[in-house]
Amino acid sequence: MKTVTERFLTYVKHHTTSDETSSTFPSTKSQLAFASFLAKECEGIGLQSVSVDKYGYVTAILPGNSETAPTIGFIAHMDTSPDAEGKNILPNIVENYDGCSIPLNGTSLSPEEFPSLKDYIGHTLITSDGTTLLGADDKAGIAEILTAMEYLLVHSEILHGDIHIAFTPDEEIGKGVDFFDVNSFGADFAYTLDGGRIGELEYENFNAARAIIRIKGKNVHPGTAKNVMVNAALIGTEIASLLPEREVPSKTEGYEGFFHLCSFEGDVTSAVLTYIIRDFDKASFEHRKDLIRLIVERKNTQHQGAIELELRDEYYNMLSQIEPHMEIVDLAKQAMLDCGVTPIIQPIRGGTDGARLSFMGLPCPNLFAGGHNFHSNYEFIPVSSMEKAVEMIVRIAELGATLDFPKNL
């Protein structure tokens, strides 16, 4: 058997950054190459019905040895975030971490800046070399799922139902399950392995929308611009200034929502602002979108229709879909406890494939994969957290066969 660390170190060397400007699905060809690689991994450990479809979804089945158990799904995503460089990742292994700053190329991973490091003194950590992200989001989840599947194949004495696994592309750009066939997948419920630190168990997430504001200006010589020039970039700053200054990611936490200005590009002639809008409460979410619309409407009146707003929802809070099936949350919680892991139940300040899958009829809470500082060059993961995730997956499969769980949720 390969260890979860061996798998992870292999997987992060595959370049799979997704591209939100692409018109294809998946958005990058490298994800299709990785999908083919993972299909061979699945076949190599003995999984059945291994498939890669035209969209890049990798699916496989571990047949059960308990006829009464529900079919459980485990899902992780193949792509890495475009927020940081994901090519030529060079993993850095830090054995017996001593609690001090970890030197990286051009920077360092410091416990003063990242206090969670102090929780892993004496553990083996894996970081990048500091020039790229690491890719634990979500190649750790993939490595953990496949390691758990191989363990169950080797230990046939462990009773479990059918287990269906899936690896998805383009999760990081919000398109991960655009073409996912829930009925064909065939699970009664599932879990995404896409959370952070050890113990995370999440079944609430943001409601999410994206706003793209396009501004058309008029440029003339500044010496003769009075009552003629329309400065698109300046109008953009006016719009940005009208949103609540404290309702941004850097000043919010817990259940607090925000407006996040992702990009602002422009000059006098034209400008484009891209915002993501996030809130857990549906009414507050709608209020935020209404505020964006109102600001654009008023500025359009002032600037003779120079502004165009594209506003679209991306995903919704899965809580409403999970609450009728809290037994699947209790199952994961008990599995963690049985593995010596303290469950940390908290809302996801983001989204997962599981949020959208839950609205597609597949209840799908999110479980820890073990990493920290996702989407950045400071990303790291403790080996011990990955090992506990493998134990948790195995225990979920085992509990699913022994507890009274309804099939066909």
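S18 is buried, with a relative accessible area of 2%. The model discussed here is a predicted one. In the chain, S18 belongs to the loop between α1 and α2. Its surroundings are drawn from several parts of the sequence: leaving aside neighbours within four places, S18 is in contact with S27, T28, Q31, D79, T80, P82, D170, E172 and I173. One of these partners, D79, also takes part in a polar contact, side chain to side chain, with S18 at 2.9 Å.

The loop that holds S18 lies between α1 and α2, and helix α1 can be taken next. This helix spans residues 4–11, and its buried residues are V4, T5, R7, F8 and Y11. These residues sit on the same side of α1, because the arc they cover around the axis is only 160 degrees. The cover over them includes α2 (29–45), β7 (125–127), α3 (136–154), β17 (380–382) and α10 (383–402).

Searching the whole structure for cavities of 30 Å³ or more gives 1. The largest cavity holds about 40 Å³ of space. Its lining is made up of I75, A76, H77, D138, E171, T192, D194, T352, D353 and G354. Two or more of the lining residues come from each of β3 (72–77), β9 (189–195) and α9 (353–359). Strand β3 has the largest share, with 3 residues.

At least two lining residues are supplied by each of β1 (48–52), β2 (58–62), β8 (163–168) and α4 (182–185). Strand β2 gives the largest share of this lining, 3 residues. Here the division is 7 nonpolar, 5 polar and 2 charged residues.

A further loop residue is T252, placed between α5 (232–241) and β12 (258–266). Is T252 buried or exposed? T252 is buried, since its relative accessible area is 13% and the cut-off for buried is under 20%. Which residues does T252 touch, leaving aside its neighbours within four places in sequence? They are R246, E247, G257, F258 and R349. With R349, the T252 side chain forms a polar contact of 2.9 Å to the partner's side chain. The T252 side chain also reaches a backbone atom, the oxygen of V248, at 2.9 Å.

The last stop is E297, in helix α6, which runs over residues 282–302. E297 is exposed, with a relative accessible area of 53%, and the threshold for that term is over 50%. E297 can also be placed relative to I307: the two are 10 residues apart in sequence, and their C-alpha atoms are 8.4 Å apart in space.

Methods
Residues are numbered from 1 along each chain as its sequence is written. This is a predicted model: local features need pLDDT of at least 70, side-chain atom pairs count only at pLDDT 80 or more; totals for chains, interfaces and linings use all residues. Side-chain values use heavy atoms; hydrogens and water are left out. Buried means under 20% relative accessible area, exposed over 50%, partly exposed in between (1.4 Å probe, protein chains only). Helices (H or I, at least four residues) and strands (E, at least two) are DSSP runs, numbered from the N terminus. The arc is that of the directions from the helix axis to the C-beta atoms. Contact means heavy atoms within 4.5 Å. Ala, Val, Leu, Ile, Met, Phe, Trp, Tyr, Cys and Pro count as nonpolar, Asp, Glu, Lys and Arg as charged, and the others, Gly among them, as polar. A polar contact is a pair of N or O atoms within 3.5 Å; within protein, one must be able to donate a hydrogen and the other to accept it, and residues adjacent in sequence count only if both atoms are side-chain atoms. On a 1 Å grid over the protein atoms alone, a cavity is a set of points where a 1.4 Å probe fits but cannot get out, and a pocket is an open set with protein on both sides within 12 Å along at least five of seven lines; lining residues have an atom within 4 Å of a point. Grid points are joined across faces, edges and corners, and a volume is the space filled by probe spheres set on the points.
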